[in-house]
Amino acid sequence: MTQNIFKIIFFGYVYMLLITSILLKNQINTSILLQNTIYFFIISFIIFFYFKKLNEKQFSYASLITYARCIINILIFSIIINSEIYTSLIINNNEKNLLLFLLIISVGLDGLDGYIARYFKESSLFGYKFDLETDTLLILILSISVYLNIHGNLIVLLIPFYRYVFFALQFKYQWLKNNLPESYRRKLICLLVISILIICHIPKIPIYMIMPFIYLSIFLITFSFLKD
């Protein structure tokens, strides 16, 4: 199994280098590649640490799709934290759509991995948690992007804050580790929050609409956590 894990990581890294080279061909440099490599191996270590901890026997097709989505999220993060790349994307209207394109692909794969898991009967605790944390990672990345590139109000970071506080409290309170019941409401709110944050990145959205969108996202995510 260890050999298979190393094989998955190897091909995942090749995939990351390939899409980075193709999609950021005009902005790519050694610094960007090094950044993405560090992010990739840190995230991969965390993923496969929990994969082994949960005694999973096989990295499913659905988890491979989620892993691919994680790698796309790394590329999105690379774009939003490097001001020279983000500025270049704003100046060039054709390339500016690249960020929205990657965001839409990431959200689309989120629906696909769930369908694949059900189709092949691969649902597992690891797959559920992997999908959930990948969603949380995308929300964190989008929130950081809104703060750095669009509005600059720290309140936007409250949106991913709940999940990480909840995760930290699990180390102290064992009952918080209990699995939550299946909830379409929770999935819908997650999708709505991600969609709202993506809308904030549409170039023609007036800046005065950003804060209402942020407050709406905070309200939705607060309601979801209080309900759970």
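Predicted model: local features only at pLDDT ≥ 70, side-chain atom pairs only at ≥ 80, totals over all residues.
How are helix 3 and helix 6 oriented to each other, roughly parallel or roughly antiparallel? Residues are numbered from 1 along each chain as its sequence is written, and side-chain values use heavy atoms, with hydrogens and water left out.

Two packed helices are described by the angle between their axes and the distance between the axes. Helices here are DSSP runs (H or I, at least four residues) numbered from the N terminus, and axes are lines fitted to C-alpha atoms, for helices over the stretch in contact, with angles running from 0 to 180 degrees between N-to-C directions. The axes of helix 3 (residues 61–81) and helix 6 (residues 125–150) cross at roughly 10° and come within 10 Å. Helix 3 and helix 6 are therefore roughly parallel, a label for angles under 35 degrees, whereas angles over 145 count as roughly antiparallel. Their crossing is left-handed; that is, the near helix is turned anticlockwise from the far one by less than a right angle, while clockwise would be right-handed. The residues of this contact comprise 13 nonpolar, seven polar and three charged. In this scheme Ala, Val, Leu, Ile, Met, Phe, Trp, Tyr, Cys and Pro are nonpolar, Asp, Glu, Lys and Arg are charged, and the others, Gly among them, are polar.

Helix 6 also packs with helix 2, at an angle of about 155° and with the axes 10 Å apart. Helix 2 and helix 6 are therefore roughly antiparallel, and their crossing is right-handed. Contacts (heavy atoms within 4.5 Å) join Ile43, Ile47, Tyr50 and Phe51 of helix 2 to Phe126, Phe130 and Leu137 of helix 6. This contact has seven nonpolar residues, with no polar and no charged ones.

Helix 2 (residues 30–53) also holds serine 44. With a relative accessible area of 1%, serine 44 is buried (under 20%; exposed means over 50%, with a 1.4 Å probe and protein chains only). The serine 44 side chain reaches the backbone oxygen of phenylalanine 40 at 2.8 Å. Neighbours within four places in sequence aside, serine 44 is in contact with Ile9 and Tyr67. Tyr67 is also touched by isoleucine 8, along with Phe48, Phe59 and Leu64, when residues up to four places away in sequence are not counted. Isoleucine 8 is found in helix 1 (residues 2–23) and counts as buried at 16% relative accessibility.

Most residues other than glycine have a negative phi. Asparagine 55, in the loop between helix 2 and helix 3, has a positive phi near 55° and is exposed at 56% relative accessibility. Lysine 121 lies in the loop between helix 5 (93–119) and helix 6; its phi is positive, at about 55°, and at 75% relative accessibility lysine 121 counts as exposed.

Technical notes: Helix = DSSP H or I, 4+ residues; strand = E, 2+ residues; numbered from the N terminus. Polar contact = N/O pair within 3.5 Å; in protein donor to acceptor, adjacent residues only side chain to side chain. Parallel < 35°, antiparallel > 145°, perpendicular 65-115°, else oblique.
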